[in-house]
Amino acid sequence: MERFKVNKRLAIAETLPGSAYGGPGVLEREIERIFSSAWLPLPAPPNECETVLPFELLPGCLNEPLVMTRDAVGDVRCLSNVCTHRGMLVACETGSMKRLRCIYHGRRFDLHGHLEAAPGFEGADNFPRTEDDLTSISVGSIGPLWFGNLGLDCDFQEWVSSVMAIVGFLPFEELIFDAEGSQTYTVEANWKLYIDNYLEGFHIPTVHKSLAAALDVSDYRVENLPQGSLQVGVVSHGQPELPFPDSHPMHGQSIGALYFHMFPNTLMNVYPWGVSMNHVNPIADQRTQVHFHKYVWRPDLLDQGAGAGLDRVEMEDEAVVEATQKGVRGRLYKRGRYAPSHEAGVHHFHLWWTERFCD
Ligand code: FES
Ligand SMILES: [Fe+2]
């Protein structure tokens, strides 16, 4: 694992070696050491009481069968969807139900996961135990954005607190999901290459000419946070700005976009029109699915300034990321260096990754 280590000093550090981006066994190790204890997006729970919604967490990677439930009084749980008897999936489709019933041998659970009945287990010693309930996983939400964690690398408040300290004044509760404006992209590259590219504005003048026109690139900056990083997009005159209150440290700075990376693979882009949540999901060593989920609070500001033309920017990014994947696969590529004034966010992510991956 020594070969994946990154020096803590940005000015001297070398980037991750090419083999970190899809070499043998890397994704399997990431699944165990990173994704199985990370905060990951959940589908929004059902609106109706006594309704269940089965799904897989991080499909194509973790594939953990889970079920969101909303009970009779409106409480939400996210439960393992695997029967504690012999492992059958408990809920197979979304629908209204007062309890979960495994169709294999008839075991029943309430919507909090407690075992209510286990036909045929009369005479079993020491039964039922708490292990016979469905495991409930940790969840957290910011307005309509829901997250869950199978293993708890850190608690939800710790994960979101530095982000919410900056954007908590915004009306997240008012965000409306825009299904038509949401998209899924498949990128032929390792998930970290996609995130590395996201984490630096260094390439904006060379790769994104139209975005460079909306942003004041000379003022673009990155701030490392305990659970990720923030890039601040200062906009040129006349573009929509985020409405910071007078008491906010960013008040008066003409900020048109805040780009948050939340470890490991959540990107939250905050614009005057709303929030683009981008979930960067590995589905193979060198293939990534990126879900852009659009949530809007000011539809009148869509398609203006730094938050406009996201599809074009995405195509420009994918072209360089896919070509970089071909490059880092090359035998003659070893490791690069970080540009100290542009790539502190990339370095911060790599240090976080190596701490979990290597130790
Ligand atoms: S597997 Fe569910 S009751 Fe047997
Ligand atoms: Fe980009």
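Glutamate 223 has a relative accessible area of 28%, so it counts as partly exposed. Its side chain meets that of arginine 221 in a salt bridge, with 3.4 Å from N to O. Arginine 221 is likewise partly exposed, at 28% relative accessibility. The model described here is predicted.

**Salt bridges**

Side chains of opposite charge can pair when their charged atoms come close. The structure holds nine salt bridges.

| Pair | N to O distance |
|---|---|
| Arginine 221 and glutamate 223 | 3.4 Å |
| Glutamate 50 and lysine 98 | 3.2 Å |
| Arginine 356 and glutamate 355 | 3.6 Å |

Glutamate 50 and lysine 98 join their side chains at 3.2 Å, N to O. Glutamate 50 sits in the loop between β1 (40–42) and β2 (51–57), and lysine 98 in the loop between β5 (95–96) and β6 (100–101), so the pair ties together parts that are 48 residues apart in sequence. The two partners fall into separate accessibility classes. Glutamate 50 is partly exposed, with a relative accessible area of 23%. Lysine 98 reaches 55% and is exposed, because the exposed class begins over 50%.

Arginine 356 pairs with glutamate 355, the closest N and O atoms being 3.6 Å apart. Glutamate 355 is partly exposed, at 45% relative accessibility.

**The iron site**

Ligand 2 is an iron ion. Its donors are NE2 of His203, NE2 of His208 and two OD entries of Asp317, at 2.0 to 2.7 Å. The spacing of the donor residues in sequence is H-x4-H-x108-D. Histidine 208 lies in the loop between α4 (204–207) and α5 (209–214), and aspartate 317 in helix α6 (residues 310–329), so this pair ties together parts that are 109 residues apart in sequence.

Are histidine 208 and aspartate 317 buried or exposed? Histidine 208 is buried, at 2% relative accessibility. Aspartate 317 is also buried, at 12%.

**Two domains**

The chain is divided into domain 1 (40–142) and domain 2 (158–358). Their centres, taken over C-alpha atoms, are separated by 34 Å. At the interface, seven residues of domain 1 are in contact with eight residues of domain 2. The size of an interface is often given as the accessible area lost when the parts come together. Here the buried area is about 700 Å², with carbon and sulfur atoms giving 71%. How many salt bridges link domain 1 and domain 2? The count is zero.

**Valine 275**

Valine 275 belongs to strand β16 (residues 274–284). With a relative accessible area of 0%, valine 275 is buried. Leaving aside neighbours within four places in sequence, its contacts are Phe172, Leu175, Met268, Asn269, Val270, His293, Lys294, Tyr295 and Trp297. Leucine 258 stands 17 residues from valine 275 along the chain, and 9.6 Å separate their C-alpha atoms.

Definitions and conventions
Residues numbered from 1 in each chain as written. Chains lettered and ligands numbered in written order. Predicted model: local features only at pLDDT ≥ 70, side-chain atom pairs only at ≥ 80, totals over all residues. Heavy atoms only, no water. Donors = N, O, S within 2.8 Å, 3.2 Å for Na, K, Ca; no water. Helix = DSSP H or I, 4+ residues; strand = E, 2+ residues; numbered from the N terminus. Buried < 20%, exposed > 50% of the residue type's maximum accessible area, 1.4 Å probe, protein only. Domains from an automatic or database assignment. Contact = heavy atoms within 4.5 Å. Buried area = accessible area lost by both parts, 1.4 Å probe. Salt bridge = Lys/Arg side-chain N within 4 Å of Asp/Glu carboxyl O.
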